[in-house]
Amino acid sequence: MSSYNAIAELYDPWSASVVEDVGFYLEEARRSGGPVVELGVGTGRIAVPIAADGVQVIGVDSSSGMLEVCARRAALAGVDVDLRVGDLREPPVTERVPLVICPFRSLLHMHTDEDRRRVLESARELLVSGGRFVFDVFAPGAKDIEKTHDRWLEREPGIFERAVWDEEARTLTLTVRGEGTETTMALAWLGPDEWRALLERAGFEIEACYGWFDRSPYKGDEDMVWITRRT
Ligand SMILES: C[S@@+](CC[C@H](N)C(=O)[O-])C[C@H]1O[C@@H](n2cnc3c(N)ncnc32)[C@H](O)[C@@H]1O
């Protein structure tokens with residue numbers, strides 16, 4: 001069962017301050033003309049604004065709880081998002097689209113190169129020739145690890161998180177707690193050269209790797225925003 005089910009209702013208040021990526025993905029969606037497939041659509045933080053802009057969205061997620069919240073959010077906004085329960089490695093999508101996105105580090109839920117390869121190859125398969133796959137991931141800096149390791153921090157009022165970093169295994173075990181519920185999830189990170197090699201092996205040409213959603217170049221900091229194209 002998905003670790004996100006337990007925090008489906010908590011997810012939006014927990015991620016309330018994460019807004020910097022919405023305009024970026026919206027711009028990519030507009031540019032593509034749609035339809036857009038979002039892998040790991042969650043509660044529709046990105047998908048609903050895209051649909052509200054008139055671009056058709058198909059959203060895939062393994063958490064039925066997150067999809068329920070997403071459906072509610074879409075209804076409130078008066079838009080339709082085509083939601084499908086499924087895995088990133090085998091998305092239940094037969095349509096071919098000009099843009100596949102995987103925002104907010106969802107790819108870090110993949111722990112092995114084999115799983116990453118399956119997601120990347122599936123994303124490629126969904127794209128029309130020349131279509132783009134756009135996603136963001138991170139690799140933590142030593143300072144962030146030192147500052148947060150094994151400490152409960154109040155991320156939003158009444159919502160706490162604890163990050164336990166394993167620098168050798170390059171994994172983060174994140175526990176989120178609030179409003180009488182709690183969940184723990186495991187994330188695994190890679191460096192830019194490893195992402196690049198995986199992407200190229202899966203048949204993508206890299207158009208850009210930005211360091212932030214303002215499209216500033218990646219300079220070795222934590223965030224990587226990849227724009228890739230199906231070759
Ligand atoms: C960090 S959230 C991102 C949600 C949304 N994209 C956003 O930007 O707010 C990660 C999402 O990926 C989903 N997810 C994690 N592992 C998955 C898998 N193997 N297959 C499908 N969805 C998965 C989770 O259920 C969750 O909704």
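Glu154 stands opposite Phe160 of strand 7. Strand 6 and strand 7 (residues 159–166) run antiparallel and are joined by four bridges; two strands count as paired if DSSP finds at least two bridges between them. The model is a predicted one, in which local features need pLDDT of at least 70 and side-chain atom pairs count only at pLDDT 80 or more, while totals for chains, interfaces and linings use all residues. Residues are numbered from 1 along each chain as its sequence is written, and side-chain values use heavy atoms, with hydrogens and water left out.

The pair belongs to an open sheet of four strands, in the order 6-7-8-9, with antiparallel pairing. Its edges are strand 6 (152–156) and strand 9 (181–188), each of which pairs on one side only. On average, neighbouring strands of this sheet are turned by 25° against each other, direction ignored; the axes are lines fitted to C-alpha atoms, for helices over the stretch in contact, and angles run from 0 to 180 degrees between N-to-C directions. Strands of a sheet pair through backbone hydrogen bonds, either parallel or antiparallel.

Next comes helix 7 (residues 192–201), where Trp195, Leu198 and Leu199 are buried. Seen down the axis of helix 7, the buried residues fall within an arc of 100°, so they line one face of the helix; the arc is that of the directions from the helix axis to the C-beta atoms. Asp193 and Arg201 are exposed and sit on the face turned away from the buried side. Buried means under 20% relative accessible area and exposed over 50%, with partly exposed in between (1.4 Å probe, protein chains only).

The buried residues of helix 7 pack against helix 5 (113–126), strand 5 (127–138), strand 10 (204–210) and strand 11 (223–230). Contact here means heavy atoms within 4.5 Å. Gly203, which follows helix 7, has a positive phi, near 95°.

The chain as a whole has seven helices and 11 strands. These are DSSP runs numbered from the N terminus, helices being H or I of at least four residues and strands E of at least two. The radius of gyration of the chain is 17 Å, close to the 17 Å that the globule rule gives for 231 residues, so the chain is as compact as a globular protein of that length. That radius is taken over C-alpha atoms, and the rule is 2.2 Å times the number of residues to the power 0.38. Of the 231 residues, 51% count as buried.
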